[in-house]
Amino acid sequence: MLPIAARELRSLFLSPLAWTLLAILQLILAYLFLNQVQTFASLQPRLLALEQAPGLTEAIVPALFGNAGVILLLVTPLLTMRSICEERRNKTLPLLLSAPVSLTDIVLGKFLGVFGLLLLVVVLVTLMPLSLLAGGTLDFGKLFANVLALSLLVAAFTSAGLYMSCISPHPAVAALSAFGALMLLWLLGWSATLSDLPDGFLSQLSILRHFQNIQSGLLSTRDVGYFLVFCMGFLLLSIRHLSAGRLPG
Amino acid sequence: MTDLLAASRLSRYYGRHCAVKEVGFNLAAGQVMGLLGVNGAGKTTTLQMLTGNLAPSSGQIRINGFDLLKEPISAKRHLGYLPDTPPLYKELTVREFLGFCCQLHGLGKQASKQAIGCVIDRCGLAPVEKRLLANLSKGYQQRVGIAQAIVHNPEVIILDEPTVGLDPLQIREIRSLIRELGQQHSIVLSTHILAEVAESCSHVLIIHQGEMVLTDSVANITNRSGTGFLLVMTALPVDAAVLLAIPGVVSVEKLTDRQLKIQHALADNPSQRISEAITAAGWELKELTPLQPSIEDVFIRLTAGKAS
């Protein structure tokens, strides 16, 4: 599993894709971050007058991580689109299938490779609020909740993208279907204002809602469980799909 | 001797279409088996089943004693496979790629280094070891494909058309490599070049329309008919009836006036008597060559006969 993950990550960095993505993400998020800091600085005198005013962390971090989440929603399908689809197109899959590794190893390896790159993005994003330590203090609990929320979010994006890459004949199709599926799941959170099924079933399915719950610093097993089940579900589907490709039908 | 590779009653259906039907064979160490068949006969499907890329609809495969379907990981440890398109990650260099293959097979760092050095030597990859796979010529890519199949020193090696796309010189090198590997390992190779089988294989399996039509050793096939052929060339026209009367001669086929193809019994080789008869008649013998009885004859007879 680890050799496959390492090769996947290496191949991502050998193509200009990973570098370009990291650079553009960092540029956009830095801009949004500075904007946020400036707004906070200009509002600070008025905030002082308030009782229970939001602190530095609360004013900046959730907004930054929320933006990062939206941008990664657009970007992750581009990273995952090639992982299995391209193996099939380049006919490299037999190499893995005839090696002493299980299908689970192959899928998990692919997942960990892309997830590793995205974790690097999370680290880079986290460095931004950490830079504020130079002139202020942070609520580390809240920061941790946001880092966890974003990590779980990218894990979910990666697993869904991987599955789409598994079933699509072409990387572009994989990217588009992964993007569509994730966007839909993201938007379900908005259905709260529309007519929903009983018990808010649709908004329970929404990624956004669970993401924001964790972001708020309220760690509940329901939200963390949602992401874990989401990831495992798509990884299992991927393994099943690879296995079905071998079976007579 | 235990069999390194044993397949029994392998079948594979695609929907209702039967691609391979009840193919089975055993292969011991030191045996090289050529899998022959026309296009679409089921060669590649058979090889994909042997390597775990396709699950058979029914049948059993054992590699070095491990059941491929029940203990796939242990079985695949002893397996090297070159598919019809070499599986190469084009963004890696030759050395990096072979390193990845070693890791996949769980070789340690020291063992990998040694194995890679050895295989680079064996496959003649030294001049290109630091180049990207994407920039290699087709011949070199094919060699890297063979290198990845043998780098972990597997007991069973399966090669799908290993010499396709190589130049004549490279073909000769690869064939001698296969012969060399075949001394300690079991090798299955598919091909539709019949000369390749005659040159590098000890056994032959002919598949036609998914069914096994023949499995035997190369030596048995060539001796199967019990007769051999001689090519005779003379300076003057020959009377075939005289030669046909010589004991041991089965038939005489006139290719031209001065050229004859003589079929004779292997048990009683009449070449000496033929040359004496020709000299005695004053036809001036120019050439008398034994013809290798070819697998081609057997192959054409079996596959063409079935088709009609």
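Me: What makes S3 (residues 32-36) and S8 of chain B a pair of strands?

Reply: Five bridges join S3 of chain B to S8(B), and the two run parallel. Pairing needs at least two bridges, so five is enough. Bear in mind that this is a predicted model.

Me: Why is S8(B) called mostly covered?

Reply: Six of the six residues in S8 (residues 186-191) of chain B are buried. Buried means under 20% relative accessible area, so each of the six falls below that cut-off.

Me: What makes both faces of S8(B) covered?

Reply: In a regular strand, side chains alternate between the two faces of the sheet. On one side of S8(B) sit B:Ser186, B:Val188 and B:Ser190, on the other B:Ile187, B:Leu189 and B:Thr191, and all of them are buried.

Me: Why is the contact of B:Arg95 with B:Glu129 called a salt bridge?

Reply: The closest N and O atoms of B:Arg95 and B:Glu129 are 2.3 Å apart. The limit is within 4 Å, so the pair qualifies. B:Arg95 lies in helix H3 (residues 94-104) of chain B and B:Glu129 in the loop between helices H4 (109-122) and H5 (138-150), so the bridge ties together parts 34 residues apart in sequence.

Me: Are those two side chains buried or exposed, or partly exposed?

Reply: B:Glu129 has a relative accessible area of 17%, and buried means under 20%, so B:Glu129 is buried. B:Arg95 comes out at 33%; that is between 20% and 50%, so B:Arg95 is partly exposed.

Me: Which salt bridges does B:Arg175 form with B:Glu196 and B:Glu199?

Reply: With B:Glu196 the N to O distance is 3.3 Å. B:Arg175 lies in helix H6 and B:Glu196 in helix H7 (residues 194-200) of chain B, so that pair ties together parts 21 residues apart in sequence. With B:Glu199, the closest N and O atoms are 3.2 Å apart. That pair also links H6 and H7 of chain B, over 24 residues.

Me: What makes A:Arg10 and B:Glu96 a salt bridge?

Reply: Their side chains meet at 2.3 Å, N to O, and within 4 Å is what the rule wants.

Me: How many residues make the contact, and how much area is buried?

Reply: The contact takes 23 residues from chain A and 31 from chain B. The two chains bury about 2400 Å² between them, 62% of it on carbon and sulfur atoms. In chain A, A:Leu95, A:Pro100 and A:Arg246 lose the most area to chain B, together 28% of what that side buries.

Note on methods: Residues are numbered from 1 along each chain as its sequence is written. Chains are lettered from A and ligands numbered from 1 in the order in which they are written. This is a predicted model: local features need pLDDT of at least 70, side-chain atom pairs count only at pLDDT 80 or more; totals for chains, interfaces and linings use all residues. Side-chain values use heavy atoms; hydrogens and water are left out. Buried means under 20% relative accessible area, exposed over 50%, partly exposed in between (1.4 Å probe, protein chains only). Helices (H or I, at least four residues) and strands (E, at least two) are DSSP runs, numbered from the N terminus. Contact means heavy atoms within 4.5 Å. Buried area is the accessible area (1.4 Å probe) that two parts lose on being put together, summed over both.
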